[in-house]
Amino acid sequence: MSQNPTTAATLEVAGAASRRTRRRLLAVLGFVATVLLTFLGLLAITFFIGRVIPIDPVLAIVGDRASNEVYQAARVAMGLDQPLPVQFFHYVVNVFSGDLGQSVSTGRSVVEDLSRFFPATLEMATIGIIIGVVLGVPLGVIAASRQGSIIDQIIRVVGLLGYSMPAFWLGLVGLALFYARLRWVGGPGRLDIFYDGLVQPVTGLLLVDSLLAGEIEIFWNAVTHLVLPASVLGFFSLAYIARMTRSFMLDQLSQEFVTTARVKGVPERLVIWRHAFNPIRVPLITVIGLSYAGLLEGSVMIETVFSWPGIGNYLTTALLNADMNAVLGSTLVIGAVFIFINKISDVLYRVLDPRAR
Amino acid sequence: MSTRDWLLEDSPHSRLQANAGRAYRVFTALLRNPLSVLGGLIILILVLTALLAPWLAPYSSTGQDLANRLAPPSGAHWMGTDELGRDIFSRVIWGSQITLTIVGLVALISAPLGLLLGAVAGYFGGWTDRVLMGITDIFLSMPKLILALAFVAALGPGINNAIIAIAITSWPAYARIARAETLTIRNSEFIAAVQMQGASPLRVIVGHVLPLCTSSMIIRVTLDMAGVILTAAGLGFIGLGAQPPLPEWGAMISRGRTFILDQWWVATMPGFAIIIVSLGFCFLGDGLRDVLDPKSEGK
């Protein structure tokens, strides 16, 4: 080799750097590809549910008394005379251009309906996850650091109940107890009837909108209505987050560096919150992300119980009216958000945790 | 030689004896864990209740008594009566049959399906693996309840369709497990030995790979049953599962919604049944995992 050794070394370094960039680029592309593929899979499933399973979607629209010409015309108009792959292609194109069809029961486009109802769900799920994180993480840490204590036992029971209690049942019991008996919280709905429609929707989040409008009274009314459904959701995320925090912490506390820190005389509080807790922050983000996605799913049941005008309520109403466009549209949106949060927390984990690189 | 000695013999003489011995060891290990005993008892009681419902239930599940509607819990009606004067306790007892049917059928459909797909993917590898696992991952990354709801919406409400929908959404987890297990078994020498004897892939998978996946599958299925019960009850609650007048627990809670503010027992009582049975499956599943898969103990 006649080359100057330093240039060779620089080249080597540059090569390594570009290789790293390329690897990162490939990782990003791979991520985008898997997300797109999963979305496509979701679309395939909703397409399958909407076009293939129903015995005759045309009959569902024109009714069984329609003449043959009307039937055939509707069939052509719906594109059902074309082969399935072509139909699927049209479906995908429609969805990506933001067309989910008309809702039979509301008479509006499904996209419009969904954007109207989504903020209510978002508000409830967000307050729910905040409750879950704020209570769940500290409780999980305490349970792990005092194994066998009362808090540990409580976390265990709460965790098990989170697995085996129907969310809609807890919501109903909460209503019976805190609304009907104790009168601590507001009843079903987002506001009392006489406050309805007084606040101009800006963000669609009532808590934000009422504050923007300077209506403190409405804000408090919204809080009393929100607190129970959000707490019920929060309970389930608390159960999951606390259980996972506990098990992560137990893993850490049995490690040798924790023993070392203790032997060196580091105060127990620091051992727990700095030495043991710091390494588990990253996996916790994944857990919280998954739990948030789960809350979107859980909100379907809770919204039905609390007559909460969100996507879940929209979905269940559509289900009972056999309003297929609305059903598939909400399934698609909830599924897409679910997949997105799932994948994002997966990526965050890989980016933030040096061990996973 | 006592039965116990026969069961615990170090060198069993027949396959039957080996299997019986293993079952016996698992059983005794389970008995040492109080929670799994409790879980087992709950499930045993569920099965007995379902079998003996005609004799256990004090009233019929559909017999109306309008003079006695919405009566609070009392000596005559332990859980009170609903809006048609039907005895809620009797309906909860009859409902155990429905719950058991749903749980049993979902397990019977989804576990073998997932097992087979996962084993095929893991055994053949390559494109088969990529395609099958791609589909599995797509299903796994979707919200189960929403998917089940959409399936039932298309298939039409009813208990059979609810079972199909839940089964369709729960096989992917089993496929993942079966694939992971198959990958560890695939290259072992006894598989090579069978292959060299000329066994077909079908024979290798069914006769030699699948039996080794069953224990992790049993654990997972038991743990998942709580979720299945909750999903089924949720479908019933929304009105897409079992249809009235069937005494399905979720549907019963849904009927009680209207009266929750004054007659709390109508909606509350069936909920306790759901919680107890789900807890039973959780306890038993945890116990089974500790016994059959000691690696992951305490997690």
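Reply: B:Val194 counts as partly exposed, because 15 C-beta neighbours lie inside 10 Å. The cut-offs, with C-beta atoms placed from the backbone, are 20 or more others within 10 Å for buried, 12 or fewer for exposed, and partly exposed in between. This is a predicted model, in which local features need pLDDT of at least 70, side-chain atom pairs count only at pLDDT 80 or more, and totals for chains, interfaces and linings use all residues. Residues are numbered from 1 along each chain as its sequence is written, while chains are lettered from A and ligands numbered from 1 in the order in which they are written.

B:Val194 sits in helix H8 of chain B, residues 189-196. Helices here are DSSP runs of H or I with at least four residues, strands are E runs of at least two, and both are numbered from the N terminus. Leaving out residues up to four places away in sequence, B:Val194 touches B:Ala199, B:Val204 and B:His208. Touching, or contact, requires backbone-placed C-beta atoms within 7 Å.

Next comes helix H9 of chain B, residues 201-238. H9(B) packs on helix H11 (residues 265-292) of chain B at about 165 degrees, with the axes 8 Å apart. Axes are lines fitted to C-alpha atoms, for helices over the stretch in contact, and angles run from 0 to 180 degrees between N-to-C directions. The angle therefore makes H9(B) roughly antiparallel to H11(B), a label for angles over 145 degrees. On the H9(B) side the contact includes B:Ser215, B:Ile218, B:Thr222, B:Met225 and B:Ile229. On the H11(B) side, B:Ile274, B:Val277, B:Phe281, B:Gly285 and B:Arg289 are among them. The contact residues divide into 15 nonpolar, four polar and one charged. Nonpolar covers Ala, Val, Leu, Ile, Met, Phe, Trp, Tyr, Cys and Pro; charged covers Asp, Glu, Lys and Arg; the others, Gly among them, are polar.

Not counting residues up to four places away in sequence, B:Ile229 touches B:Thr99, B:Val103, B:Ile274, B:Val277 and B:Ser278. With B:Leu149 and B:Ala150, B:Ile229 has the most contacts inside the largest nonpolar core, a set of 171 residues. Such a core joins buried Ala, Val, Leu, Ile, Met, Phe, Trp, Tyr and Cys residues through C-beta atoms within 7 Å.

A cis peptide bond joins B:Pro244 to B:Pro245, with omega at about 10 degrees.

Now the whole of chain B. It has 11 helices and zero strands. Its C-alpha trace spans about 75 × 55 × 30 Å along the principal axes. Of its 299 residues, 46% are buried. Among contacts with a separation of 6 or more, 67% join residues 24 or more positions apart.

Last, the partner chain. The contact takes 37 residues from chain A and 34 from chain B. On the chain A side, H13(A) gives the most, with eight residues. That side divides into 25 nonpolar, 11 polar and one charged.

Terms used:
Two residues are in contact if their C-beta atoms, placed from the backbone, lie within 7 Å. Angles under 35 degrees count as roughly parallel, over 145 as roughly antiparallel, 65 to 115 as roughly perpendicular and the rest as oblique.
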